[in-house]
Amino acid sequence: MAVSAATPYLPGSFDRPPRNIAEKINSGYKAWEWLLYLYGLAPALLFGMLPEPYYSHFCKLVRAMRIIQQYHISSSDLILADGLLRSFAYEFEVLYYQRREDRIHFCRQSLHALLHLASEVTRIGPPICSSQWTMERTIGNLGEEIRQPSNPYANLSQRGLLRCQVNALIAMVPDLNPSRCDSDLPRGALDLTGGYVLLRAQDRYSRLMKETEATALKKYIQSHHSLTQFGKDWPLKIVRWARLRLPNGQVARSRWKEALKPINKIRIARNVKVCFWFS
Amino acid sequence: MNGPAQGDFESSKPLSDPPSPVIRAETPLAINPLEQLDLADPGCLDDTRAEVRDGNHSEPREHTGSDDADPDLEELFENTCLSELRLANEFIRELQEASLDGRHSGLDTEALDWLRNPPTAPFTLENQPDMRLAFDLFLASLKASVDVYNTARASILRRHPEDKLPSYDQMKKILVEITGVGSIVHPMCKNSCVAFTGPLTDLDHCPKCGEPKHCPISGNYQQEFHTMPIGPILQALWHDPQSARRFEYRRSKTCEIINKLCSNSGNIPTYEDFFHGSDYLENVWNGSITFDDMVLMFSIDGAQLYTHKASDCWIYIWVIMDFSPEERYKKHFVIPGGFIPGPKKPKNLDSFLFPGLYHLAALQKEGLTIWNAAIDRTFKSRLFLALNTADGPAMASLSGLVGHHGKFGCCLYCPIPGRHKPNGSHYYPALLKPVDYTMAGCDHPDLSHFSTTMSHSHYFTHLRFLLASPNDTQYKKRRLEMGIVKPTIFLGVPTCSTLGIPRCFGSDIMHLATFNLSDLILPLWRGQFDHD
């Protein structure tokens, strides 16, 4: 239902999209799925479904967790998150446990841990820096290298030792690293510098902008730049590109090629948040 | 999921068979694995149920004399009577004695010489085209089977018989020669009870299950496990200018933070890394971490190798915090530290961690000789063990604190007590006091959610009291009240090279934010919350 229906709107770079939670809750819902569901989709999907005050109560957790899981946490956000987490924990006891002896078991350690989250950031930095994601990932990529089911432990140890040696070797001779070829641009790509790369497909011929396109572009340029004079070659001739690699490594796609595919075959990647930094 | 109707919140009606989501074998809220101390949940009320009134009521006395921040462990250990605790103490003592030439070091003279005198010339394959080809082949077929390498090698040799391409086995030897990275092998119990390391080295039979160390027929070890000493790997990471410069991240970040602190009246505007935390900065301030040192994070977890078969395997890794966050968590920079084969869970985790920690502690004391290829300089670096992380149950075995159902079940050792049900043995950290609730030991009045503070200073006082337990009954009682099961093996790491106990144990946001909280909230919404 709604959870899996959201799949086409989550870009492919967001890894596995959450599956239908109503069907899959007991079949190994993965950490990443929980993360997208609880702190991404649930606030929208549960709006109007989860009654008040439970909905607002949940939103406190979502807001705080969205802050606390960042690599960069500003002090003011941290104070906000601390307040939200504490009041979430307090209201949890009021709303759910209700001082009832038979409900003491609602108050698990996971609830208590929230009280420490923010103050731990001031002690050891953002919790993502010391999270178990790394460990789980390492188990994953070592585990998939096992080639010998008859003695997996010995094989795993050998793969681990080999990993150590290869990591050491690649550090000593960096150009041995096979994955370094990634930095080469694919055929036909155009490096815009600043980390932006246009990727194919590309229009074979340039064409004159349509009237509406030219007006829209003009408006956009005028609202962001002081440029007001347009030369006499306006409207320009343009070439469409299908994809743009962003400085963060994600690839955004344009509507041109995306719209050609049926909605259930794609993971839409054209909604990009652009932030301008002025210094 | 279907939107929960208002009535769904009435989770008090017991559901016949509440579906408890099985996330994976190592679900953090699963049963505590501290089986080495016969009780599944140390520190919970079962402890006092076993108690026979012995009238020997005593309270931990505030210890005067030595400073608790830097306690004298010998003095702490001297009154220990119980054998399990004495064994834990022994491991810590051996670790304190750690030295590269020591009995448990496991390094041959060649490896020792490498650690103390690493090569001080750049390594290059430029004049060895055959070797270069062999390595390219080897790395390209790294994820494939050995056959792929051998077939490709044979094809090349058919076309160019004069090329000198080493075989796969020769390549493995060459790798060791170039990098100096190998593994130390130790025997262990066939049933994964203990490893024959440290104080258990000379035993011939497992002290838990009695299985012999050697196979009676072949005379070989029944089962063995590998530990990868971290020293040579760290040396290799400095052995190329490009790689060595990665270590500069911590140095420049630290300078940046200190400048920021000076210009911003001592406040940190944005927390971006472990180095923005007060614990790191304090250790830089007091000189425990210098720019020549390296900061490490230890992380351990148990993995089920096959979904439908008992195949537990524990792995620990080292993360080098000196690298920038964009790099340090990546496959090429995460260093596997050791593997603990299953299929059962290790009963005495200390004995399996011992070889890796012994090597670390020895390097911390002696200093690791590094050749910095970027500026052609040889120097001694100390390894600072900043954080030890694990998921819930594994963390309890690392830190030696009670599990999450204990009276003091907070994994950060905060002094907030839990409450338990009239007939239940598990404690839950409910801060508000239930209505009409009288329960010896946990009917304390409401505690505030908004003013919890953290203090770790009571750890050593409590540990001293626990260790001095005269008998098993007292031990269980004290374990409950102190929230400590045993002294953690990390006490053996030099105090100036770690954050200190229990500060060096982090909490894990991954499991908390995903499995633990969803497991708490969703069943409540759906009216399917498990009843005791």
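Which helix of chain B holds both B:Phe354 and B:Tyr358, and how many residues apart are they? Both sit in helix H13 (residues 349–366), four residues apart, about one turn of the helix.

A quick note before the views: this is a predicted model, where local features need pLDDT of at least 70, side-chain atom pairs count only at pLDDT 80 or more, and totals for chains, interfaces and linings use all residues. Residues are numbered from 1 along each chain as its sequence is written, chains are lettered from A and ligands numbered from 1 in the order in which they are written, and side-chain values use heavy atoms, with hydrogens and water left out.

View 1. Helices are DSSP runs of H or I with at least four residues, strands are E runs of at least two, and both are numbered from the N terminus. B:Phe354 and B:Tyr358 make a tilted aromatic pair, 5.4 Å centre to centre with 45° between the planes. Rings of Phe, Tyr and Trp (its six-membered ring) pair if their centres lie within 6.5 Å; planes under 30 degrees apart are stacked, over 60 edge-to-face, and the rest tilted. B:Phe354 counts as buried because its relative accessibility is 1%, and B:Tyr358 is buried too, at 4%. Buried means under 20% relative accessible area, exposed over 50%, and partly exposed in between (1.4 Å probe, protein chains only).

View 2. B:Tyr413 lies in the loop between helix H14 (392–399) and strand E10 (419–420) and B:Tyr459 in helix H15 (residues 459–467), all in chain B, so the pair ties together parts that are 46 residues apart in sequence. B:Tyr413 is buried at 2% relative accessibility, and B:Tyr459 is buried at 0%.

**View 3. Strand E5 of chain B, residues 312–320.** Nine of its nine residues are buried, so the strand is largely enclosed by the rest of the structure. B:Asp312, B:Trp314, B:Tyr316, B:Trp318 and B:Ile320 point one way, while B:Cys313, B:Ile315, B:Ile317 and B:Val319 point the other. Strand E4 (residues 294–304) of chain B runs antiparallel to E5(B), joined by nine bridges; strands pair if DSSP finds at least two bridges between them. B:Leu296 has B:Ile320 as its bridge partner. E5(B) also pairs with strand E6 (residues 335–340) of chain B, antiparallel over five bridges, and there B:Tyr316 partners B:Gly338.
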